[in-house]
Amino acid sequence: MSHEYVLPFADPQSVESDLVGGKGANLGHLTAAGFPVPAGFTVTTAAYAAVVTSDGLVPEIRALLDSVPDDAPDELERATTRIRDLVASSAIPPAIEQRITAAYTALGDDAFVAVRSSGTAEDLAGASFAGLHDTYLDIRGVDGVLDAVRRCWASLWTSRAVAYRGARGFGQDVGIAVVVQTMVPSEVSGVMFTANPLTTATDELLINSSWGLGEAIVSGITTPDEFRVAHRDLSVIARRLGAKEKQVVRDPRTGVGTIEQETPAADRERFTLDDAELAELADLGRRVQRHYGDYPQDTEWGYADGSFYLLQSRPVTGVDFTWDEELEYWHEAGPSADDEVFTRSYSDSVWGGGCTPLFYSMRGKSNNRGVHYALRLWGIPEVARLRAFRYYKGVPYWNSNMEAELLRKSAFPTARAGMIDNVPPAWREDVMQAPLSIGAYLWIQLRCQLKDRTGGAITWRKGHDQYVVDGVQKANGLTAEELRRLSDEELVRYCQEMDAYDVVYVEQVWTPFFLHARDSMGLLGWILANWYDGENEMAFTEVLTGVPRPTQTQVENTLLWELARDIRTSEALSATFAAHDGASFFAAAGDTEEGQAWLQRYDAFVAEHGHRGHANRDMFHARRHEDPAIDYRALKSIIAAGATEHPTVAEHALEAKRQRVIDEIAENLSRKPLGTLRAHLFRGLADYVMTFLLFRDDERHWVDRVTYSLKRGFQELNHRLRDRELLQGDDDFYFLADRDLYGMLRTGGRPPLADEKIAARKRRFTEVESGELQNPMYLRGYRGADDELLAISDGSDDGVLRGAGTSGGVIEGRARVVRSIEDIGLVQKGEILVVNATDPGWTPVFMAISGVVIETGGILAHASCLAREYGMPAVHLPGAMALIPHGSQVRMNGDAGTVEVLDVAATEPEPVEAVTA
């Protein structure tokens, strides 16, 4: 049957890639869908097979390939040259020649055509084979077409094509088809990627265009115009004028074939497409992408006589798409500008590293709405037009432009130093020196008092007890059993209500955190720097070191310490602990009477604190309710520290010292003019700041309840989706947005490319969490900007690494560089912890270490707050984990913010041995 050898694009069989190759199948799909594809046909793989079989070429091809040793490129070139000669000179059987002739004649009288190879392994998502097989343009006449077809067949056997197939594991028993397509006499042509392959942005199209035929771009002989167009509204994001040095056009001398010629000077200086044409072309690209299940496409196009033509479409290959932009659906602000800078430092400090798409789609939303509410409240809506967050490859980023404007417009220079971490070092001097109008500042404060509908100005004054009384029941959410009894719609509503609860909370605390507390700490520092003239050079840090009552973290850690003490002082429990690692210890503890009593105390501890213990804030990470191995590691670390003194003793001593410092400062101020007023203002301010710091720690205990309750809701949602075979793996649901999961439960359908998105996002998140890959600290647009904006300390001539002190004190010790919370059980007493950042799961280790160096976060970072509560030095040093050798002896000075490497150990510190009584 004739269709085995030649198939018009419109034939139903023209979508079968094993028959028409990848390029031919794509053209068949596009034609069937009604896209503007120039007419044509495909000489099928069956025709090629018939030719090489009838001429007896197959055994000879195999013999020539088998004769080539491995890693012998010269011999491979000789063998493949011989194969190409054999194929190109082969006779085309009359039946096939007649069908090619008939199909070509049907395109019109001596039509100009493009003749392109179409391999069966070509234009696939995993391997494009781009440029490996031949293309011939502007062919005219039957003889020319037949000759071009033979040459395309022969191009299957170039040495580079053979090597490529071997490297990709395709083998050499492959076929090839040949596409013959009417030539478009393009005035402008080019390529269009429906997602940006340079930046992996999937919310924009990248278009290259030049004068004449597209071969000028494909062959690299010209620099095209470049355009980026937004998927959302087809607006032009950016344009770059290309030199367009040359163009490929039909040969005017012969009327057949193409030539290269210089582009006229006037055409070089103007863009090839205007905005309306770009919108029309980009819309064509969007429709093509939707046709292919929304997977990004690499297309070729031509423009002639006022119309666009689609010449080819294939999947974009070799690009790490993660579809991050889809997680930004809730953004109220428009797209961020190309020159806006985003920093990783905020999420490193506040969120604790990697972030799953599900968690970001909710926590990013609540934080974004909180800051935008505050900005409108403060009367600076122009800053609220900026996006606060961007998600990039597993990590949330904070808008540094927004941070810089916030400081310029709402903070006195004296209050900016403590909040400058999210501003790139290259900008800091300018931001620190920018003046602030007192009138503008007072206007912000007045608006907060008159217009704040949340009551946020007094939130932390109520303290943690507010949530114990008013909110903890709601924060605790429903039990797993109660969630199972909900209908699908009730379950969705539960998750949305818990999410909304978080939004309201963030709106409530943003102004107190980032305006009142910031300025109170700045004013406290100013008072001590300008009014106090005593001998205590570390007065500011010591006023903040210690707490008048235990924080929730201290309560939690004290209970863990007592549980660890009971193990250490019990022969039976100690033996069980040494014999059983991780979660198995808790099962084995019930085998003894002492162990049973201990488990009762532990169960009571988990009942109140089971939602904690996680590596960072993301709900992906297990809580102690889910994994008792978390507490095994914590107990191991505490036991290794060997402390026999109850933690409250040190806590009371620190607080007594803090009160003595406050009394000494107040007495010093009282001797100044208006001394009573100065001392009263200082005491009130110190109390206000301390109340905030207490709330700063306690609120995380409360927020973690909300997160864990929300996690249980999504776990139940995931259980239902897996039962309905809409999701596969246990943790796949973390790698889709919340609205994707809601939609799946409600409709029973799956979002486009769900499997691809889950796999890509999971891979990147895992790489970030493991430390295998580290995202840049700064982004400009979609590209890393660290070289331009980040100044990492590499030490000065005196060998001292200079950062910023966030908790006072000087200590010497051995550095323990810890990259994963899984390794906190290895930390030994007195060591200095060097870590990117910490979160609740890290807190037990603070009872063992003597100091902490963090890579990100300032005076309010989790590690900094805990260091002050436990009375140890802390230093913020960007790049510390790379700069401080693991196991080296170091001296850290939390007063000066320095770390000095004294001695690099020949071996790493020994791991903690099994614990005995």
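Entry 1. Before starting, I wrote down the cut-off I would need: a residue is buried when its relative accessible area is under 20%, and exposed when that area is over 50%. I also noted that this is a predicted model.

Entry 2. I began with the whole protein. I found 35 helices and 26 strands. The C-alpha trace spans about 105 × 70 × 65 Å along its principal axes. Of the 917 residues, 58% count as buried. I then looked up contacts between residues at least 6 apart in sequence, and 69% of these join residues at least 24 apart.

Entry 3. How many cavities of 30 Å³ or more does the structure hold? I counted four. I picked the second largest cavity, which has a volume of about 70 Å³. Its lining is made up of Phe359, Met362, Arg363, Asp499, Asp502, Met619, Val706, Thr707 and Leu710. Helix H12 (357-377), helix H22 (488-530) and helix H30 (675-723) are the elements that each give two or more residues to this lining.

Entry 4. Arg363 sits in helix H12. Is Arg363 buried or exposed? Arg363 counts as buried because its relative accessibility is 5%, and the cut-off is under 20%. Leaving aside residues up to four places away in sequence, I listed what Arg363 touches: Trp351, Asp502, Arg617, Val703 and Thr707. With Asp502, the side chain of Arg363 makes a polar contact of 2.9 Å.

Entry 5. Strand E5 covers residues 176-182, and six of its seven residues are buried. Which strands did I find paired with E5? Strand E2 (residues 40-43) pairs with E5 in the antiparallel sense, over four bridges. In that pairing, I found Val179 of E5 as the bridge partner of Thr42. Strand E3 (residues 112-119) also runs antiparallel to E5, and seven bridges join E3 and E5. Here I noted Gly119 opposite Ile176 of E5.

Terms used:
Residues are numbered from 1 along each chain as its sequence is written. This is a predicted model: local features need pLDDT of at least 70, side-chain atom pairs count only at pLDDT 80 or more; totals for chains, interfaces and linings use all residues. Side-chain values use heavy atoms; hydrogens and water are left out. On a 1 Å grid over the protein atoms alone, a cavity is a set of points where a 1.4 Å probe fits but cannot get out, and a pocket is an open set with protein on both sides within 12 Å along at least five of seven lines; lining residues have an atom within 4 Å of a point. Grid points are joined across faces, edges and corners, and a volume is the space filled by probe spheres set on the points. Buried means under 20% relative accessible area, exposed over 50%, partly exposed in between (1.4 Å probe, protein chains only). Two strands pair if DSSP finds at least two bridges between them. Contact means heavy atoms within 4.5 Å. A polar contact is a pair of N or O atoms within 3.5 Å; within protein, one must be able to donate a hydrogen and the other to accept it, and residues adjacent in sequence count only if both atoms are side-chain atoms.
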